[in-house]
Amino acid sequence: MRLLPILALSSTLLAAGPALAGSGVTITSYGHSALLISGGGTSVLVNPFKAVACAAGLAEPRVSATLVLASSRLLDEGAPVARGKMLVDPGSYKVGGLSIEGISGPHDRVGGRRFGQSTLWRWKQGGLDIAHLGGTAARLSPSDKVMLGRPDVLIIGVGGGAKVYTGAEAAEVVRELQPRRVIPVQYVSGKTPTDCDQTSVQPFLDAMAGTPVQRRGNRISLPGKLDGGPVIEVMR
């Protein structure tokens, strides 16, 4: 008789697993290209930064996360300021119930000869396929496109400069991957800091003319299933 409540609890937990996996995500922006993505019972912080160069004047994301994904070890996109297991190098990983793929690619437009290699990231969280291209200016290779597939959520740098896509380049990547939601990062809001070669988000929006744009605050919630798209989510 005592087994019945235990069996019922086990059945409830098994049923809740898939629901939790497809429960969607909440995304919090810390500026530059740092986002905290929470959902599916875990949290992922992308590109924590030191407040230098184009990130000067921003509050550093000194937060805790299950996993930290960085495009590189450059201080404006891979600074060790947060708590959590940090991944920088390409490869296949399993952390906190997530399967993560890191894809190597040139950081710049000259085959990595100036800024070395960066890592493009793809994983599934809260039922959504997420791709993180926050630190590259290189065109995607055919194999990159296969590995990235069609993301539900694409995080992509758009501010231009030596190691970030220009607005026009980022728009071309969006057209190639056809994500359902696009979160532009790595652009300047307000006055351009000293030693920063990036511009605002507007050139990207101009290059994506005709695409729906939603201007958000620093936090958005997305359901575990997205239809249509692309829709651009501009976060503060």
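The largest share of the lining of the largest pocket, three residues, comes from strand β11, where strands (E, at least two residues) and helices (H or I, at least four residues) are DSSP runs numbered from the N terminus. This is a predicted model, in which local features need pLDDT of at least 70 and side-chain atom pairs count only at pLDDT 80 or more, while totals for chains, interfaces and linings use all residues. Residues are numbered from 1 along each chain as its sequence is written, and side-chain values use heavy atoms, with hydrogens and water left out.

The largest pocket has a volume of about 380 Å³, and of the 22 residues that line it, those closest to its centre are Gly-31, His-32, Tyr-187, Val-188 and Ser-189. On a 1 Å grid over the protein atoms alone, a pocket is an open set of points with protein on both sides within 12 Å along at least five of seven lines, and lining residues have an atom within 4 Å of a point; the volume is the space filled by probe spheres set on the points, which are joined across faces, edges and corners.

His-32, in the loop between β1 (25-29) and β2 (35-39), has a positive phi of about 55° although it is not a glycine. Most residues other than glycine have a negative phi, and most peptide bonds are trans. His-32 is also buried, with a relative accessible area of 9%, where buried means under 20% (1.4 Å probe, protein chains only). Asn-47, in the loop between β3 (42-46) and β4 (64-69), likewise has a positive phi, of about 50°, and is buried, with a relative accessible area of 0%.

Strand β11 also belongs to an open sheet of eight strands, in the order β6-β7-β8-β9-β10-β11-β14-β12, with mixed pairing; two strands pair if DSSP finds at least two bridges between them. The edge strands, each pairing on one side only, are β6 (91-95) and β12 (213-215). Within this sheet, β11 (residues 181-185) and β14 (residues 231-234) pair in the parallel sense over two bridges, and the bridge partner of Arg-181 in β14 is Val-231. Helix α3 (residues 167-177) packs on the sheet, touching β9 (128-133), β10 (153-157) and β11, where contact means heavy atoms within 4.5 Å.

In the loop between β13 (219-222) and β14 lies Pro-230, which is joined to Gly-229 by a cis peptide bond with an omega of about 0°.

Conventions
Axes are lines fitted to C-alpha atoms, for helices over the stretch in contact, and angles run from 0 to 180 degrees between N-to-C directions. On a 1 Å grid over the protein atoms alone, a cavity is a set of points where a 1.4 Å probe fits but cannot get out, and a pocket is an open set with protein on both sides within 12 Å along at least five of seven lines; lining residues have an atom within 4 Å of a point. Buried means under 20% relative accessible area, exposed over 50%, partly exposed in between (1.4 Å probe, protein chains only).
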